[in-house]
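Thanks for coming. I have one structure to go through today, so please look at the screen.

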Amino acid sequence: MSLVWNREPYSPKRQAMSVERVVRTAIGIADAEGLDALSMRRVAAELKSGTTSLYRYVANRDELLDLMADAVWGEDPPQEVSGDWRADLAEVARRQRSTLLRHGWLGALMTSRPSLGPNSLRRFDAALRAAGALTPDITRASAVMALISDYVLGAVARELAEQEASRRTGMTEQEWRASIAPYIREVVASGDYPEFARSVVEADDLDFTDQFEFGLRCLLRGVEETG
């Protein structure tokens with residue numbers, strides 16, 4: 001199988017477009033409308049170019065997705081590793097969360113295809129260096145990074161799902177809570193679900209960042225205790 005990373009980019013004598021411009025246009029479409037809206041024809045229309053011309057720069061939609069993923073992983077500079085594995089791995093997780101929240105379509109790509117471009121590999125390399133202060137065992141270090149990545153993907157998916165629900169319904173979280181408040185009061189008053197009632201009445205209302213940080217602390221503590 002030929003990979004986009006093995007080939008020299010197409011460079012016509014008259015530079016009407018570039019691979020970078022094609023990729024950035026595609027990212028803009030995906031950010032605004034999701035991957036379902038992304039097609040080679042749509043990108044060509046945004047660039048005011050023929051679809052056939054676009055194929056000179058990018059062979060197909062799958063190749064374009066690979067280039068898009070690598071481009072957004074390269075938006076932040078490579079992470080500096082301090083040697084404090086807990087702080088460094090927490091920073092790895094936070095950076096990944098930030099990138100996934102900026103580009104809501106990226107999580108789906110991470111679960112369906114490996115990202116093997118230079119920016120992706122640099123980030124993974126830095127993450128493994130961070131894990132190296134925890135363990136010299138590369139198998140365990142890789143497993144720790146996979147665990148952290150899975151945690152971040154799950155946490156971000158929940159956050160993005162709420163954003164999508166808000167977009168779809170046109171209601172803010174506060175408006176949605178107000179709409180279901182009468183029902184929740186009935187549930188609490190019924191006494192049938194005492195622990196749920198306690199969570200409603202007594203529990204602190206953590207935002208997504210607070211929840212993420214709590215889960216991350218628990219995860220890293222667990223990693224340390226597994227030895």
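Start with the overall dimensions: a compact globule of 227 residues would have a radius of gyration near 17 Å, whereas this protein has 22 Å. That radius is taken over C-alpha atoms, and the globule rule is 2.2 Å times the number of residues to the power 0.38. Along the principal axes, the C-alpha atoms fill a box of roughly 75 × 50 × 25 Å.

A word on the source. This is a predicted model, in which local features need pLDDT of at least 70 and side-chain atom pairs count only at pLDDT 80 or more, while totals for chains, interfaces and linings use all residues. Residues are numbered from 1 along each chain as its sequence is written, and side-chain values use heavy atoms, with hydrogens and water left out.

The secondary structure consists of 11 helices and zero strands. Both are DSSP runs numbered from the N terminus: H or I of at least four residues for helices, E of at least two for strands.

Of the 227 residues, 34% count as buried, meaning under 20% relative accessible area with a 1.4 Å probe, protein chains only; over 50% is exposed, and in between is partly exposed. Contact here means heavy atoms within 4.5 Å. Among contacts with a separation of 6 or more, 71% are accounted for by residues 24 or more positions apart.

Now helix α1, residues 19–33. Its 15 residues should span 21 Å at 1.5 Å a residue, and the end C-alpha atoms are 21 Å apart, which agrees. The expected span is 1.5 Å times one less than the number of residues. Buried residues in α1 include Val19, Val22, Ile27 and Ala30. What do the buried residues of α1 pack against? They pack against α2 (40–46), α3 and α4. Just after α1, Gly34 takes a positive phi of about 90°.

Next, Val58, in the loop between α3 (51–54) and α4 (61–73). Is Val58 buried or exposed? Val58 counts as buried because its relative accessibility is 0%. Leaving aside neighbours within four places in sequence, Val58 is in contact with Val22, Met40, Glu63, Leu64 and Leu67. Val22 is also one of the buried residues of α1. The C-alpha atoms of Val58 and Val4 are separated by 8.4 Å, and the two residues are 54 apart along the chain.

That is the tour: a helical model with zero strands, and a loop residue, Val58, at 0% relative accessibility.
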